[in-house]
Amino acid sequence: MLKYKEGGLEYSLKDYGLPASIEDEAAMHKGLFLARVASQGKGVFQVAGVEGLFLARVSGRFAYSANHPGNYPAVGDWVIVDKTGGDGGDGTIHHVLERRSVFARRGAGTAGGAQVIAANIDTLLICMSLNGDFNLRRLERYLAIAWDSGAQPVVVLTKTDLCPDLASHISLIEPIAMGCPIIACSAENGDGLDEVRQYASKGKTIAFVGSSGVGKSTLANKLLGSDVLETNEIRENDGRGRHTTSSRQMLLIPGGGILIDTPGMRELGIYSANLDKAFEDILEIAQDCRYSDCSHTSEPGCMVQQAISNGSLDAKRFEGFQKLQREAGYEGLTSRQLENEKIKRMFGGKNNMKQRLKEVKDKKHKR
């Protein structure tokens, strides 16, 4: 594996988390080279190749055949380009290789296509501050998308130094976390930073997601060891930080690991979500309803309504579940219909996905 030097340090694509499966897939594209998308702008991408960072744009053929917004490169993607980096102008991206995980939301506007926030993430760190940003319904939304992404979600509660009753806040989160780790931390006094850092081992990619002002960039700077990302002080009137990150970017963590920092998201529309996992408690209760097609409203023998009545299920949590079901368009679908719908959304149809998998297998066979 070729190495390059930057800032006095030596790097290779292994430092960017290159897995063997991607090396094998890249080898099928003779005469072209492998790179990973480090940041993106309007029509241009910064990618990390074997000779360093350089700019690249998608080829005309790629743009013509990309029939879905989610098929375009995103930060964290492994791509095939026509140059290795260094000097000599912009490169051209010809292919996006298979993604191991995708964190995406519904794009703005009436079309409602997928907007990929980041790809090929090992751990999604969902940040929520313990002051004005604390919102259980918003966390449920993030978790539903995170469980569907293919990455491991971790809840990161920031600004513990501003929270006088941490235990009560954690007790509210535990029932909806569905077993994912919860870390309470403070960039101000260093609490919990070692727990966050354990997910950033060599070759592993972590991504910070969350609302504006929750302290993602401040936390990221602590891991990076310097003020690489711009931050602003907390506003005195409401205790919230001001949003500063304006684009997604991928950075190497000294000592190992890859970090993707994302802008704060005021809106996180559901494009594809794993509601079965995010609301596993509700579905387990619903299995005991008298009728298999129970709408959980007024039917006799509804165990969900009974659980709400006796206090074992929070009515607001159930309302949140119903809202996300409607938003995702999953309400009333069978498990098979649900899987087909997700494939259709992310890959433009089940047949397209099968064709893509067939092409990869055929290329391996020819080798």
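**Entry 1. Glu140 and its partner**

I began with Glu140, which is buried at a relative accessible area of 3%. I note at the outset that the model is predicted. I then asked which residue forms a salt bridge with Glu140. The partner I found is Arg137, with the closest N and O atoms 2.9 Å apart. Arg137 is partly exposed, and its relative accessible area is 27%. Glu140 falls in the buried class because its 3% is under the 20% limit. I located both residues in helix H3, where three residues, about one turn of the helix, separate Arg137 from Glu140.

**Entry 2. The network**

I next looked up which residues are linked with this pair in a network of salt bridges. The network contains Asp281 and Arg317 together with Arg137 and Glu140. For the whole structure, the search returned eleven salt bridges.

**Entry 3. Two further salt bridges**

I turned to helix H5, which covers residues 193-197. Asp194 and Arg197 both lie in this helix, three residues apart, or about one turn. Their side chains meet in a salt bridge, at 2.8 Å from N to O. Is Asp194 buried or exposed? I recorded Asp194 as exposed, at 61% relative accessibility. Arg197 is partly exposed, with a relative accessible area of 34%.

I also examined Lys277, which forms a salt bridge with Glu280. The closest N and O atoms of this pair are 3.5 Å apart. Lys277 is partly exposed at a relative accessible area of 26%, and Glu280 is partly exposed at 30%.

**Entry 4. The cavity**

I then asked how many cavities of 30 Å³ or more a search of the whole structure finds. The search gives one. The space in the largest cavity comes to about 60 Å³.

I listed the residues that line the largest cavity. Ile126, Cys127 and Met128 are among them, as are Asp133 and Asn135. The lining also includes Arg138, Leu139 and Tyr142, together with Gly210 and Ser211. Which elements give two or more residues to this lining? I found strand E10 (123-129) and helix H3 (136-149). Helix H3 is also the element that holds Arg137 and Glu140 from my opening entry.

Finally, I sorted the lining of the largest cavity by class. I recorded five nonpolar residues, three polar residues and two charged residues.

Notes. Residues are numbered from 1 along each chain as its sequence is written. This is a predicted model: local features need pLDDT of at least 70, side-chain atom pairs count only at pLDDT 80 or more; totals for chains, interfaces and linings use all residues. Side-chain values use heavy atoms; hydrogens and water are left out. On a 1 Å grid over the protein atoms alone, a cavity is a set of points where a 1.4 Å probe fits but cannot get out, and a pocket is an open set with protein on both sides within 12 Å along at least five of seven lines; lining residues have an atom within 4 Å of a point. Grid points are joined across faces, edges and corners, and a volume is the space filled by probe spheres set on the points. Helices (H or I, at least four residues) and strands (E, at least two) are DSSP runs, numbered from the N terminus. Ala, Val, Leu, Ile, Met, Phe, Trp, Tyr, Cys and Pro count as nonpolar, Asp, Glu, Lys and Arg as charged, and the others, Gly among them, as polar. A salt bridge is a side-chain nitrogen of Lys or Arg within 4 Å of a carboxyl oxygen of Asp or Glu. Buried means under 20% relative accessible area, exposed over 50%, partly exposed in between (1.4 Å probe, protein chains only).
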